Amino acid sequence: MGLVRIRAIALDLAILAGHLLLYPTGLRQERPPAPPPPGAAARLPTEGRARRPVLLLHGFIDNRSVFVLLRRSLGRHGRQHVEALNHSPLTCDIRTAAALLGRHVEEVCARTGHSTVDIVGHSLGGLIARYYVQRLGGDARVHTLVTLGTPHAGTRVAPLLSAHPLVRQMCPNSDVIAELRQPAPDCRTRFISFWSDVDQLMIPAEVARIDHPDVIARNIRVNGIGHLALPVHSAVATGVREALDAADEAPNNAFDAFSVA
């Protein structure tokens, strides 16, 4: 085992220990901002919020607390409306979770006055968001989907973990992965996938890349950062911000690839 991989595992273990302390703070679903009090001056929902809302969607057996640092980073750099969502720990089907995500996106658009949102999904969260975009018409609402360590081509996980239905749906031969390989003509969403060369849960690591002929995709290689570190590492947070900004400025048919060290 190489030194880089050992360091990545050590960092992931340290992050896991810290995250276990934060985990209880994210168990409850986040409440939307309170409406203005009666008599307050009327203002447009989008006033002071020119940029699209960003929704953060966590991975398997996790919750919104994993995004504390990324959310703070986005907020400090001009993303004024950032929400972190919880999908139910009782969910056993990616399709069901994607439909529920769609309802929440509609609610956010109605509440904020924006017609589209951006989504950042870690691991399973990215796969849920991609299913919503490609299979449930979510490309009408999602301008840019950023995924962090998401098994787009399916991953070969430990047999013990595959007892859970969601984990089985993340395997290479699952029906969900097969559906995502199907044609997606005229898909409007831009996809940005951050994949790590030492991601211990993506087997092989390249399965976290998006490779689909019908989607506008950009794959960004992350060097020496493990799976659990992806949503909390400062270099990745910077990459996510830059990728979202670049998605606004890039031509409609291409992205340039770059790496995060």
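The model is predicted, so local features need pLDDT of at least 70, side-chain atom pairs count only at pLDDT 80 or more, and totals for chains, interfaces and linings use all residues. Residues are numbered from 1 along each chain as its sequence is written, and side-chain values use heavy atoms, with hydrogens and water left out.

Start with the fold. The protein chain has seven helices and seven strands. Helices (H or I, at least four residues) and strands (E, at least two) are DSSP runs, numbered from the N terminus. Their order from the N terminus is α-β-α-β-α-β-α-β-α-α-β-β-α-β. Of the 261 residues, 48% count as buried. Buried means under 20% relative accessible area, exposed over 50%, and partly exposed in between (1.4 Å probe, protein chains only). Contact means heavy atoms within 4.5 Å. Among contacts between residues at least 6 apart in sequence, 83% join residues at least 24 apart.

Now take helix α3, residues 94-112. Its 19 residues should span 27 Å at 1.5 Å a residue, and its end C-alpha atoms are 26 Å apart, which agrees. The expected span is 1.5 Å times one less than the number of residues. Buried residues of α3 are Ile 94, Ala 97, Ala 98, Leu 101, Gly 102, Val 105, Val 108, Cys 109 and Thr 112. They cover an arc of only 150° around the axis, which puts them on the same side of α3. That arc is taken from the directions from the helix axis to the C-beta atoms. An α-helix has 3.6 residues a turn, so residues three or four places apart point the same way. On the other side of α3, Arg 103 and Ala 110 are exposed. The cover over the buried residues includes β1 (54-57), β2 (82-85), β3 (117-122), α4 (124-135), α5 (165-169) and α6 (175-181). After α3 comes Gly 113, with a positive phi near 85°.

A nonpolar core is a set of buried Ala, Val, Leu, Ile, Met, Phe, Trp, Tyr and Cys residues joined through side-chain atoms within 4.5 Å. The largest has 32 residues, and Ile 94, Leu 101, Val 105, Val 117, Ile 119 and Ile 128 have the most contacts inside it. Two or more residues each come from β1, α3, β3, α4, β4 (142-148), α5 and α6. A second, separate core of 24 residues includes Val 82, Ile 220, Val 222 and Ala 237.

Charged pairs come next. A salt bridge is a side-chain nitrogen of Lys or Arg within 4 Å of a carboxyl oxygen of Asp or Glu. The structure holds twelve. In one of them, the side chains of Arg 52 and Asp 118 meet at 3.0 Å, N to O. Arg 52 lies in the loop between α1 (3-22) and β1, while Asp 118 is in strand β3, 66 residues apart. Both partners are buried: Arg 52 has a relative accessible area of 15%, and Asp 118 has 0%.

Finally, look at the backbone. Ser 123 has a positive phi near 55°. It sits in the loop between β3 and α4 and is buried at 8% relative accessible area. Asp 186, in the loop between α6 and β5, has a positive phi of about 65°. Asp 186 is exposed, at 70% relative accessibility. A cis peptide bond joins Ile 203 and Pro 204, with omega about -10°.
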